Amino acid sequence: MGVVRIPHPDNGVPIVFDTAIAGSLPKPAWLAETQKLWPQWKTQGPELQQAKLDATLLWIKTQEDAGLDIIGDGEMSRQHFVHGFLEQVEGIDFEHKVEMGIRADRYKAMVPQVVSALKLKGRVHRTEARFLRAHTKKKIKFTLPGPMTIADTVADRFYGDRPKMAMAFAELLNQEALALQADGVDIIQFDEPAFNVFMDEVNTWGIAALERAAQGLTCTTAVHICYGYGIQANIDWKNSLGDEWRQYEQILPALARSSIRQVSLECVHSHVPPQLMALLEGKDVMVGVIDVASDTVETPEEVADTIDMALQFVPAKHLIACTNCGLAPMNRELAVKKLEALAEGAALARARRAAA
């Protein structure tokens, strides 16, 4: 049975919360390998640059057609959410990658090496950010990797101190974030899955590095903290965490005191106690209502039920219905259906509130 289509409620029903994706979307088969976390591009040179923008336009249109309120570029121009930024940083050796365990050795990856002082080669995401701004009238969000997560996704052969290296990355992120703000970006989000792994470090230096990356921004700032993409290594890790996932409990109070305005959390089909969302009093909370690790498409009723549950702990004016994480490794057709379910479920939740 297909998903029941519920009209997007701009016909008299007040919109009391927005919908958005966490960040990444699947790359079309003509752009890159499909259903891979580090896909290889199908072409190169000017043809590749055009293909990236074509894919971005496709997903802008798809998000708008689904009925989402906040639009992203789907990270179409990046091979990987971290490496896409690092490619424009001097001091990083991509020619001699090494295998390294990341996220506390949860899985192995071939990573570039930091071999000298870090410096931006120039603008990183100007082309895709300006393209995104030019092709939608809705609010736009642009994602950047957070400094702690970058530091956990490269091999340090220069700094010899992870907090020092993370702060160096934070300064570069800040330069690009300020430029993205000038490009017309409404929300700049830093992705920090490492926050759910190194909880002690989050409180000692992780949030300080995050705030350095966001320094001086007047647009909306956000941080995305999930339990990872829907790849097997992450699924296995989650299965090892027991009946209650309480990592957020150790980091949300400090984030609530931070200058970051929005926090993105994993919720649906997780073992996160929902009451932990209340620790973010005063912040906008992007509540994950779409499971990125499941091939089952949520029904509008299921999405609305998750939103209703979250509304017990987050005021409607501070809630944004979101995906648990990025959808990059997912089948493209499935991802489209999940975006539709997100918007339709939010529409149902709004209608329920209007009728209450």
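**Entry 1: ground rules.** I take buried as under 20% relative accessible area, exposed as over 50%, and partly exposed as in between (1.4 Å probe, protein chains only). This is a predicted model, so local features need pLDDT of at least 70, side-chain atom pairs count only at pLDDT 80 or more, and totals for chains, interfaces and linings use all residues. Residues are numbered from 1 along each chain as its sequence is written, and side-chain values use heavy atoms, with hydrogens and water left out.

**Entry 2: overall form.** I looked up the secondary structure and found 10 helices and 11 strands. Helices (H or I, at least four residues) and strands (E, at least two) are DSSP runs, numbered from the N terminus. I then checked the radius of gyration, taken over C-alpha atoms; the globule rule is 2.2 Å times the number of residues to the power 0.38. For 356 residues a compact globule would come near 21 Å, and the protein has 19 Å, which agrees. The C-alpha trace spans about 60 × 45 × 40 Å along its principal axes.

I noted that 59% of the 356 residues count as buried. The accessible surface is about 14,300 Å², with 48% of it belonging to carbon and sulfur atoms. Those areas come from the Shrake-Rupley method with a 1.4 Å probe; for residues, only the protein chains shown count as cover. For contacts, I use heavy atoms within 4.5 Å. Among contacts with a separation of 6 or more, 78% are between residues 24 or more positions apart.

**Entry 3: cores.** A nonpolar core is a set of buried Ala, Val, Leu, Ile, Met, Phe, Trp, Tyr and Cys residues joined through side-chain atoms within 4.5 Å. The largest one has 115 residues, and Phe85, Phe190, Leu255 and Ile307 have the most contacts inside it. I followed Leu255 and set aside its neighbours within four places in sequence. Leu255 still touches Phe195, Ile207, Leu210, Val223, Ile225, Val263, Leu280 and Lys283. Another core, of eight residues, lies apart from the largest one; Ala22, Ile187, Ala222 and Cys322 are among its members.

**Entry 4: aromatic pairs.** I count rings of Phe, Tyr and Trp (its six-membered ring) as paired if their centres lie within 6.5 Å; planes under 30 degrees apart are stacked, over 60 edge-to-face, the rest tilted. I found three such pairs. Phe158 and Tyr159 are edge-to-face, at 4.9 Å centre to centre and 85 degrees between the planes. Phe158 is partly exposed at 43% relative accessible area, while Tyr159 is buried at 16%.

Tyr227 and Trp245 make a tilted pair, 4.8 Å centre to centre with 40 degrees between the planes. Tyr227 is in the loop between β8 (220-225) and α7 (232-239), and Trp245 is in the loop between α7 and α8 (247-257), so the pair ties together parts 18 residues apart in sequence. Both Tyr227 and Trp245 are buried. Ring pairs link these two and Tyr248 into a cluster.

**Entry 5: charges over rings.** My cut-off is NZ of Lys or CZ of Arg within 6 Å of the ring centre and within 35 degrees of the ring normal. Arg162 has its charged end over the ring of Phe198, 5.6 Å from the centre. Arg350 lies over the face of Phe17, 5.2 Å from the ring centre.

**Entry 6: positive phi.** Gln35 sits in the loop between β1 (18-19) and α1 (45-66). His269, also a residue other than glycine, has a positive phi near 60 degrees. His269 lies in the loop between β9 (262-265) and β10 (284-290). With a relative accessible area of 58%, His269 is exposed.
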